[in-house]
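Dear colleague,

Please read them with the model open beside you.

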Amino acid sequence: MMRNSLISETKMIAMAAKEISERLPPRWRLLERERGAAVRFPPDSSRIVDAIWEIRAPDGLSSDVIVEVKAKPVEPRLVRGVVSPLKALSNPGNEVTATRACMLISTYLSPLTRERLTEAGVSYADSTGNIRFSVDRPAVFIERQGADKNPFKEKRPLRSLKGGRAARVARGLMDYRTPFGTRQLAAEIASSPAMVSRVSNLLEPDEIVTKESPRGRIVTVDWEALARRWAVDYDFASSNTLTTWLEPRGTEALFVRLREAAFRYTVTGSFAGYRLAPIAQPRLATLYVEDPETVAEALGLRPAETGANVLLVVPFDPVVFERAERDNGIVYTRVTQTLLDLMTGPGRGPAEADALLEWMRENEDTWKLPMTRTT
């Protein structure tokens with residue numbers, strides 16, 4: 001795979017056709033009827049497409065596939081503009097009998113771009129191996145997972161949400177109610193306006209953040225899409241330092257002691273999610289702490305390589321302690337941090353994240369915070 005330069009459109013068409021053909025059922029064929037920048041379809045139309053394929057079943061039933069190629073990665077905000085003319089070409093007479101399949105090929109398609117293409121009923125393929133090829137008649141469906149990160153060089157100043165400074169801004173964008181200004185958010189979360197701008201600029205092309213003007217206020221934040229985007233760059237186990245311990249009397253005894261704790265901590269993971277969106281009873285207590293050895297001694301925990309029921313975690317950044325929530329004498333991480341930790345955590349964490357996500361959708365007015373800063 002070419003990672004430092006964009007792949008030619010001709011090569012992308014050939015690569016996609018080869019990948020799909022190799023995955024077709026026996027005796028099915030994918031034929032290239034026409035290819036080239038000047039291909040017109042239908043013949044009397046002034047519209048130009050990049051290629052026309054024909055998918056043919058063993059019984060002779062076939063359908064045309066109109067192929068559009070984009071040499072650069074297609075951002076989610078551009079999907080609508082790409083899909084509309086494709087759909088018009090696929091059904092020019094607005095008749096069922098005239099319907100043809102649509103296919104978009106690009107160097108890279110992000111998870112959110114692929115999601116929007118799927119919702120629009122457009123097949124896709126990219127140069128990293130992401131493929132979704134769906135035709136109704138004759139019925140065929142092929143799907144393959146490729147990369148979730150763009151391997152090609154980009155000109156964006158910030159390329160990921162890794163690191164504490166970017167995470168601090170991501171948390172702030174999720175936590176607070178819009179609209180707010182860049183400087184207002186920076187003051188609220190103890191960050192710099194420049195860092196807020198860099199993170200928001202990274203997220204704008206995916207329509208996760210929208211502004212009223214290039215230098216204006218942030219007017220909307222798709223916090224759910226932001227959580228998914230952040231989870232691409234964050235992993236609970238590898239981003240933090242985990243130590244395993246045993247509370248021989250059980251987690252109930254642990255929480256009794258935590259109500260009297262004099263050290264800094266927050267509970268995250270299963271117990272933090274369970275208090276808002278209970279599914280199965282948690283068994284593993286996960287705490288962010290600054291010094292695991294000191295905390296373990298204070299709580300009477302024993303080191304445990306196996307059979308642990310407590311995780312003491314040194315966080316990737318102190319942001320995990322910020323805007324924490326106290327409930328019945330216990331300090332819990334902010335719900336947005338809990339969501340991210342569950343999404344990328346081990347075991348049934350992702351399932352618990354789904355339950356918490358549903359609670360957050362239904363209770364956004366409850367957990368979203370108002371700005372306290374006016375400048």
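How much space lies in the largest cavity? Before the answer, a word on the source: this is a predicted model, in which local features need pLDDT of at least 70 and side-chain atom pairs count only at pLDDT 80 or more, while totals for chains, interfaces and linings use all residues. Residues are numbered from 1 along each chain as its sequence is written, and side-chain values use heavy atoms, with hydrogens and water left out.

The largest cavity holds about 40 Å³ of space, and the count comes to one cavity of 30 Å³ or more. A cavity here is a set of points, on a 1 Å grid over the protein atoms alone, where a 1.4 Å probe fits but cannot get out, and lining residues have an atom within 4 Å of a point; grid points are joined across faces, edges and corners, and the volume is the space filled by probe spheres set on the points. The lining consists of Ser270, Gly273, Tyr274, Ala277, Ile279, Ala280, Pro282 and Glu352, and helix α10 (residues 269–274) gives the most to it, with three residues. By class, this lining has five nonpolar, two polar and one charged residues, where Ala, Val, Leu, Ile, Met, Phe, Trp, Tyr, Cys and Pro count as nonpolar, Asp, Glu, Lys and Arg as charged, and the others, Gly among them, as polar.

Helices (H or I, at least four residues) and strands (E, at least two) are DSSP runs, numbered from the N terminus; axes are lines fitted to C-alpha atoms, for helices over the stretch in contact, with angles from 0 to 180 degrees between N-to-C directions. The axes of α12 (residues 335–343) and α13 (residues 349–362) come within 7 Å and cross at roughly 150°, which means that α12 is roughly antiparallel to α13 (angles under 35 degrees count as roughly parallel, over 145 as roughly antiparallel, 65 to 115 as roughly perpendicular and the rest as oblique).

Helix α4 (residues 164–175) packs against two other helices, and I take them in turn. With α6 (residues 193–203), the angle is about 70° and the axes are 9 Å apart, so that α4 is roughly perpendicular to α6. Here Arg165, Ala166, Val169 and Leu173 of α4 meet Met195, Val196, Arg198, Val199 and Leu203 of α6, a contact with seven nonpolar, no polar and two charged residues.

With α7 (residues 223–233), α4 packs at about 155°, the axes being 9 Å apart, and the two are therefore roughly antiparallel. Ala167, Ala170, Arg171, Leu173 and Met174 of α4 contact Trp223, Leu226, Ala227 and Trp230 of α7, giving eight nonpolar, no polar and one charged residues.

Some backbone details remain. The peptide bond from Arg137 to Pro138 is cis, with omega near 5°, and Pro138 is found in the loop between β6 (131–135) and β7 (140–144). The bond from Thr178 to Pro179 is also cis, with omega near 0°, and Pro179 lies in the loop between α4 and α5 (182–189).

With best wishes

Terms used:
1 Å grid on protein atoms, 1.4 Å probe; cavity = no way out; pocket = protein on both sides within 12 Å on 5 of 7 lines; lining within 4 Å. Contact = heavy atoms within 4.5 Å.
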